[in-house]
Amino acid sequence: MSGQQQSPALGVFLTNLKAVPRLVVESAIRTGLPTTDRSRSSFVFENLFLHLHPARTHRWSLRWSTTWGLGLVCAACFFITLLTGILLMFYYKPYPEVAYQSIKDIHFVVPTGQFIRNIHRWAANLMVVGVFLHMARVFYTAAYRSPREFNWLVGMGLLILTLGLSYTGYLLPWDQLAYWATTIGANVAQSPREVTDALGITEFFDIGGIQRELLLGSDVVGEEALIRFYVLHVMVLPMAVGILMGVHFWRVRKDGGLARPWDVDQRLGALGPSTYPVFTQAPQKTYQLVALLKGKTPAVGNGPENTLPSMPHLFYAELAVFMLTTLICVGLSLWMDAPLKELANPSVPENPAKAPWYFLGLQELVSFSAFMGGIGIPAIVVAGLGLIPYLEREQEGTALWFGGPGGPRLVVESAVFGLVAVSAVEALAISQGWLREWFPQIHQLAVTLFNPGTLITGIYALYSVWVVRRFNSTRAGAMALFTCFLCGYVVLTIIGAYFRGPNWEFYWSPSQWPMH
């Protein structure tokens, strides 16, 4: 209104309107720019998404050689698969009649669909590699010891869920590769029949049939199996992984951060003069002291010495790992496409039908005995891994690579023994056959219980017992057994991937496969 004096309220309104962007930022980030130790700490524990982090991080945990960022790689892969999976869900249709065509549409029609699917696949594979390496890192640094036993179990749960996520996603393209790989898994689930049939009790107690029914929703891989795998893959398992990840991260903080050696301060030396003293500002809050009780958490009695603010030191490291993981996934996606074979045909089996690469070691064992290779031995290994923190209660070598009696030399010796043992047993089974070929009338139960897989397991167990006696240390025995199984699984995976052809026969090269 020209000629009239502007209303004071209107002036205030216009001033506030101009200040809206600044006020929005200040209302969201109330601590302001983190420029001091105090504001950096407030930046962490007043943020919903960051408060799982500690306000300060020990310098030992910030060293790359402590963890190599493997846990963060796994978390980054999970979030990448989550994001790309949601994008793929806009186009994927979980019905056998249209599932394959929807994948082809994603691959060839949808803009950037092929690229998104490639990233999803490579991030999933990288996550499998990451969780195995992360578990090996925690074991070889003895970081599972008290008070972190429970977190070791949570981590094992995450490993199993990761494999479940990858396996359930394998069927969704509904091509020949997916269909017959899933059929192999269903046969493994049904493998207890190998025992119940031998005992003649399947008619009354068919646990194998029940497991197969639960997995597929019917007796065959069909519509029920696809929708079941889809729900597990996009909802149940990701939710379970998210919950366990939260527990895992929370336990890391509540257990005092990453494991550290007892003489960590001497190993690191003193901080530079620019980082001391830690607390220089006057307190912003005071508390009335009502009672004084001594807590029981690992943080009790420990001061801020040899720690640095998580912001920026830890967050920059996490950001770097996340960016590197994304870069690797993008690079692999540009280099190699996710496979898509012809439409699934239940009447034309793949020969050889091979499981995903991370299950090929098990498939090699399954070829000798479905029950022991697919259920018996894996159950023994999982139970043994879960018991490690409760049976091995030593302290020497905590948080040090290959720490404990024997050290790196024991790991090298165990690796050599593990490789030689599994190679020798495999060579014997491949060249000379096994019990069924030697004694055609032998009882099936004997073939089930005594096969190359159980023989390898027994040899490794005896070697571990010998190492325990040699070093008078359960840590040394655990390290020998873990290394043997790791090497054995690698050899079995290589044999299953590159040296097994039609009818799961051994061939030195695919060029030797019979032609039809």
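This report describes the fold, salt bridges, surface patches, cysteines and backbone geometry of one predicted protein model.

Residues are numbered from 1 along each chain as its sequence is written. Because the model is predicted, local features need pLDDT of at least 70 and side-chain atom pairs count only at pLDDT 80 or more, while totals for chains, interfaces and linings use all residues; side-chain values use heavy atoms, with hydrogens and water left out.

## Overall build

The protein has 21 helices and 2 strands. Helices (H or I, at least four residues) and strands (E, at least two) are DSSP runs, numbered from the N terminus. The C-alpha trace spans about 105 × 70 × 45 Å along its principal axes. Of the 516 residues in the protein, 45% are buried. Buried stands for under 20% relative accessible area, exposed for over 50%, and partly exposed for values in between (1.4 Å probe, protein chains only).

## Salt bridges

Side chains of opposite charge can pair when their charged atoms come close. A salt bridge here is a side-chain nitrogen of Lys or Arg within 4 Å of a carboxyl oxygen of Asp or Glu.

| Salt bridge | N to O distance |
|---|---|
| Glu392 and Arg145 | 3.1 Å |
| Glu350 and Lys341 | 2.8 Å |
| Arg409 and Glu413 | 3.1 Å |

Glu392 forms its salt bridge with Arg145. This pair links distant parts of the chain, 247 residues apart: Glu392 is in the loop between α16 (370-391) and α17 (407-432), and Arg145 is in the loop between α7 and α8. Glu392 is buried at 2% relative accessibility, and Arg145 is buried at 4%.

In the pair of Glu350 and Lys341, Glu350 is buried with a relative accessibility of 18%, whereas Lys341 is partly exposed at 32%.

Arg409 and Glu413 both belong to helix α17 and are 4 residues apart, about one turn of the helix. Arg409 is exposed, at 63% relative accessible area, and Glu413 is partly exposed, at 26%. Salt bridges with shared partners join Arg409, Glu413 and Arg470 into one network.

## Surface patches

Patches are made of residues with over 30% relative accessible area and no salt bridge; like charges are joined within 9 Å, and nonpolar side chains (Val, Leu, Ile, Met, Phe, Trp, Tyr) within 5 Å. Accessible areas come from the Shrake-Rupley method with a 1.4 Å probe, and for residues only the protein chains shown count as cover.

A nonpolar patch on the surface has about 1,000 Å² of accessible area in total, and its members include Tyr95, Phe150, Val236 and Tyr390. The elements giving two or more residues to this patch are α8 and α12. Helix α12 supplies the largest share, 7 residues. Val236 lies in helix α12 and is partly exposed at 39% relative accessibility.

There is also a patch of negative charge on the surface, formed by Glu97, Glu213, Glu223 and Glu224. Lys and Arg count as positive and Asp and Glu as negative, with His and the chain ends not counted. The place of a charge is taken as NZ of Lys, CZ of Arg, CG of Asp or CD of Glu. Glu223 lies in helix α12 (residues 223-254), and is partly exposed with a relative accessible area of 42%.

## Cysteines

The whole structure contains 0 disulfides, a disulfide being a pair of cysteine sulfur atoms within 2.5 Å. For Cys74, the closest cysteine sulfur is that of Cys77, at 6.7 Å, which is too far for a bond. Cys329 is in no disulfide either, and its nearest cysteine sulfur, in Cys77, is 4.9 Å away. Cys74 is buried at 9% relative accessibility, and Cys329 is buried at 1%.

## Backbone geometry

Most residues other than glycine have a negative phi, and most peptide bonds are trans. Trp68 has a positive phi, near 55°. Trp68 sits in the loop between α4 (64-67) and α5 (70-89) and is exposed at 52% relative accessibility. Asn472 also has a positive phi, of about 55°. Its place is the loop between α20 (452-471) and α21 (474-498), and Asn472 is exposed at 71%.

A cis peptide bond joins Ser146 to Pro147, with omega about 10°. Pro147 is in the loop between α7 (113-140) and α8 (149-170). Another cis peptide bond, between Met311 and Pro312, has an omega of about 20°. Pro312 lies in helix α14 (residues 310-335).
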